[in-house]
Amino acid sequence: MNASHTEFIESYIDQSNNYSKTKQFDKTVQNNGIHMKQQSIFRYLVLFLSIWIIIPSFYCFDQPVAIYKTLQSLFQEDSTINFDLYFASLYIIYAFGNAFLPLLTGGMRDCYGDRIIMTYIVAIMILGQLTFTIGVYFKSFLLMIFGRLLLGWGIESLLPLWSSFLAPFFKNSISIVLSILQLFSQIGLVLSIYLTPIIQKNYNLMISLLSGVAFILIGYILLCLGFLIDEKLENENYLSSYRQLQPSSDIILTEDAKIINKLYFFKFKDIKIFPQMFWLLLAFNSVFYCSIVTLVNVSMYIMASVLFDINNQIEELDIALFWMLGCLSLFIIGPLVQYFTYRRYLIIVSVIIIIIGHIQYLTSPHIGLIILAIGYCLSFVCTWSAIIYIIKLKSFGKAFGLTVGFQNLIFVSMPFLLDIVNRNIMGTFKVLISFSLFALILAIQILVEDIRCFNILDNKLAPMQFKKINNASNEDNNNETDLFAEYLENPQ
């Protein structure tokens, strides 16, 4: 065994011996850091600077729909290509790749933190959009599909990372922040469908696609300014926390802490101890998502069939605008979810709303679309904010990675289910209603579990209720166990 190996082993043993001290230090840093960020007057500035990366992300997401007719004319001369199948694959591969890639990103986030991984993700988004643009230029569907895969990885990973980045600043008002996130994502979709054809008409197709890259770069520059504020707050907190634990020392073992964190966090063993409520929320979110987003994807066909003759044209912009009208309810939904403090009931209400929306859609698609958007926004804010409350900060990456991945995994199967029912209106309606009813069953299970756990979904009531039980238990059994912490730590 050479000297370098011996030095490495001795270093590793020293790290293991100091692990408990480092773990205590990390816990103190995390608790003090969250408190400092929540009290900082700069947190609203961080929110303002970071939100602008969301719009260009979704601007790029729906650009293929915005240039559908142009792409169709480009590839109509190639008789070997089934254009509709290849065009659908631009979205199918987007969902399929994101059944697995966000979990990888989440694990990396738990190792290295939000800022550095968000930077990598933005680079992947830019690379994906550039690859898609080159594919369009050379009429290569293979490059276009690969570009969509990279872009999808970036977008679907950015949302969880953005949520976890802002969570320490707004943990007591995270529902309002998630409402802003959802609203800005919808603004990006509408701008994509509206601006892309205008830019293409005034300039050319390549400029219209490259505009997405330009918008992402502008959003990232603003995001970096938010990173600087976040880093400054963390450095101040790190110094004060270390001196709190080690008053006589001026040395901060930053690198040692980072090495131990990487050795610990890159293992996915913490997934095994996620509470049962998380898995219920994950299943509910996936089923609910498929019921809504699948309908939006086939809305053009259904609206044309219901409102007009099948040959009449329905513009994607019409669908986006009516969906956006429903999303304006987020101005009410965010504060409602935050201050009503009973997410378990609001989750059930969201399912009832989408069932009504599906039924209304058969007779009045525009009104049905607005109702469905309201239900979707309510569900999104309730479930994502609840996950932030029941999962520890160090595991946010894996938790959100699983949530995004599982919903995309189920969503990939939806086109095949619709093919089984021949994509007719009533067949599609039955499939989506079935998913909605399944979501209702899961929502009732969430209700039962939340009652059993004394309102764990709302964060504020749960520790207080568990404390009462702990006190009663301590009087009888002289036991110091924290039942709320035990629920979060132990598998159900």
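Is Thr-131 buried or exposed? I began with this residue. The model is predicted, and I read every value below with that in mind.

**Entry 1: Thr-131**

I found Thr-131 in helix H9, which covers residues 114-137. Its relative accessibility is 10%. Buried means under 20%, so Thr-131 counts as buried. I then listed what Thr-131 touches, leaving out residues up to four places away in sequence: Leu-143, Phe-146, Gly-147 and Leu-150.

**Entry 2: confidence**

I looked up the pLDDT next. The protein averages 77, and 73% of the residues score at least 70. Among the elements, H9 has the highest mean pLDDT, 94. Helix H13, residues 254-265, has the lowest, 41. I also noted residues 3-25, where the pLDDT is below 50; this stretch has 16 contacts in the model beyond near neighbours in sequence. Residues 461-489 are also below 50, and that stretch has 40 such contacts.

**Entry 3: the whole protein**

I counted elements and found 24 helices and zero strands. The protein has 492 residues, and buried residues make up 53% of them. I checked the contacts with a separation of 6 or more: residues 24 or more positions apart account for 81% of these.

**Entry 4: helix H17**

Which residues of helix H17 are buried? I listed Leu-330, Ile-333, Gly-334, Val-337 and Gln-338 for this helix, which spans residues 330-340. Looking down the axis of H17, I saw that these buried residues fall within an arc of 120 degrees, so they line one face of the helix. Thr-341 follows H17, and its phi is positive, near 60 degrees.

**Entry 5: helices H8 and H20**

I took H8 (residues 101-112) and H20 (residues 396-412) as a pair. Their axes come within 7 Å and cross at roughly 170 degrees. Angles over 145 degrees count as roughly antiparallel, and H8 and H20 are therefore roughly antiparallel to each other. Which residues of H8 meet H20? I found Pro-102, Leu-103, Gly-106, Gly-107, Arg-109 and Asp-110 on the H8 side. On the H20 side I wrote down Phe-396, Gly-397, Lys-398, Gly-401, Leu-402 and Val-404.

Key:
Residues are numbered from 1 along each chain as its sequence is written. This is a predicted model: local features need pLDDT of at least 70, side-chain atom pairs count only at pLDDT 80 or more; totals for chains, interfaces and linings use all residues. Side-chain values use heavy atoms; hydrogens and water are left out. Helices (H or I, at least four residues) and strands (E, at least two) are DSSP runs, numbered from the N terminus. Buried means under 20% relative accessible area, exposed over 50%, partly exposed in between (1.4 Å probe, protein chains only). Contact means heavy atoms within 4.5 Å. pLDDT is the predictor's confidence in each residue, from 0 to 100. The arc is that of the directions from the helix axis to the C-beta atoms. Axes are lines fitted to C-alpha atoms, for helices over the stretch in contact, and angles run from 0 to 180 degrees between N-to-C directions. Angles under 35 degrees count as roughly parallel, over 145 as roughly antiparallel, 65 to 115 as roughly perpendicular and the rest as oblique.
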